[in-house]
Amino acid sequence: MSATPVRFRDPLSKEYEFTDSMLVRCPRCDGMAHFDRRPAHAPDADGMSYRQPRLVCPSCGLARNSSCAHRVLWLRTRTRHGEVWAYNLEHLDLLRRFVAASLRERPPWYEHGRKMTYVARLPAWIKRAKNRDEVLRAIDRIRASVLTG
């Protein structure tokens, strides 16, 4: 008897949902830095609750308001098929759960507006079962870089 397949249900998340908080390379010391563009908790005089994007590096102490332009992601590695990358650990976890699953479920085709989720837009080589072990090893290398980083 075969083992029960690992099931993954598409949470219908979009790629932009992971871009508020990213792990990037520090422009000063090339260490792991945190880029945050989440809104502030208290609204300002206009009723808006925006905060400047901020880059913080715990290695060299760099802390400044910064745009996301020209930031190099920390969570990335190459495979023979292409590059595996993620914005943050939550994004990496979603990718790992999808790749590791032998049973991948998506909403029915007739549900409008749900076709182009993050999972649906992944490259075909990541989705292929024959590449599963290689992609999982790459994801594990990326996760280990955060611990040693």
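## Basis of the model

Residues are numbered from 1 along each chain as its sequence is written. In this predicted model, local features need pLDDT of at least 70 and side-chain atom pairs count only at pLDDT 80 or more, while totals for chains, interfaces and linings use all residues; side-chain values use heavy atoms, with hydrogens and water left out.

## Overall fold

The chain contains three helices and eight strands. Both kinds of element are DSSP runs numbered from the N terminus: helices are H or I runs of at least four residues, and strands are E runs of at least two. In sequence order the elements follow the pattern β-β-β-β-β-β-β-α-β-α-α.

Of the 149 residues in the chain, 35% are buried. Buried means under 20% relative accessible area, exposed means over 50%, and partly exposed lies in between (1.4 Å probe, protein chains only). The chain exposes about 9,600 Å², and carbon and sulfur atoms supply 51% of that area; accessible areas come from the Shrake-Rupley method with a 1.4 Å probe, and for residues only the protein chains shown count as cover. Among contacts with a separation of 6 or more, 60% are between residues 24 or more positions apart, a contact being heavy atoms within 4.5 Å.

The largest nonpolar core has 35 residues. Such a core is a set of buried Ala, Val, Leu, Ile, Met, Phe, Trp, Tyr and Cys residues joined through side-chain atoms within 4.5 Å. Val84, Leu95 and Val99 have the most contacts inside the core. The elements that give it two or more residues are β2 (21-25), β3 (32-36), α1, α2 (124-127) and α3 (132-148), and α3 supplies the largest share, six residues.

Helix α3 has 17 residues and reaches 24 Å from its first C-alpha to its last, close to the expected 24 Å. The expected span is 1.5 Å times one less than the number of residues. The buried residues of α3 are Arg132, Glu134, Val135, Leu136, Ala138, Ile139, Ile142 and Val146.

## Salt bridges

The model has six salt bridges, each defined as a side-chain nitrogen of Lys or Arg within 4 Å of a carboxyl oxygen of Asp or Glu. Arg9 pairs with Glu105, and their closest N and O atoms are 2.7 Å apart. This pair links distant parts of the chain, with Arg9 in strand β1 (residues 7-9) and Glu105 in strand β8 (residues 103-105), 96 residues apart. Arg9 is exposed at 55% relative accessible area, whereas Glu105 is partly exposed at 24%.

Arg7, Arg9 and Glu105 are linked in a network of salt bridges. Arg7 is also found in strand β1 and is partly exposed at 49% relative accessibility. Arg7 and Glu105 are 98 residues apart in sequence and 7.5 Å apart in space, C-alpha to C-alpha. Their side chains make a polar contact at 3.3 Å, that is, a pair of N or O atoms within 3.5 Å; within protein, one must be able to donate a hydrogen and the other to accept it, and residues adjacent in sequence count only if both atoms are side-chain atoms. Not counting residues up to four places away in sequence, Arg7 touches Ala101, Leu103 and Glu105.

In helix α1 (residues 89-100), Arg97 and Asp93 lie four residues apart, about one turn of the helix. Their side chains form a salt bridge with an N to O distance of 3.3 Å. An α-helix has 3.6 residues a turn, so residues three or four places apart point the same way. Arg97 is partly exposed at 42%, as is Asp93 at 33%. Another salt bridge joins Glu83 and Arg76 at 3.4 Å, N to O; Glu83 is partly exposed at 28% and Arg76 at 42%.

## Positive phi angles

Most residues other than glycine have a negative phi. Leu12 has a positive phi of about 65°; Leu12 lies in the loop between β1 and β2 and is partly exposed, with a relative accessible area of 24%. Asp30 likewise has a positive phi, near 65°. Asp30 lies in the loop between β2 and β3 and is partly exposed at 46%.
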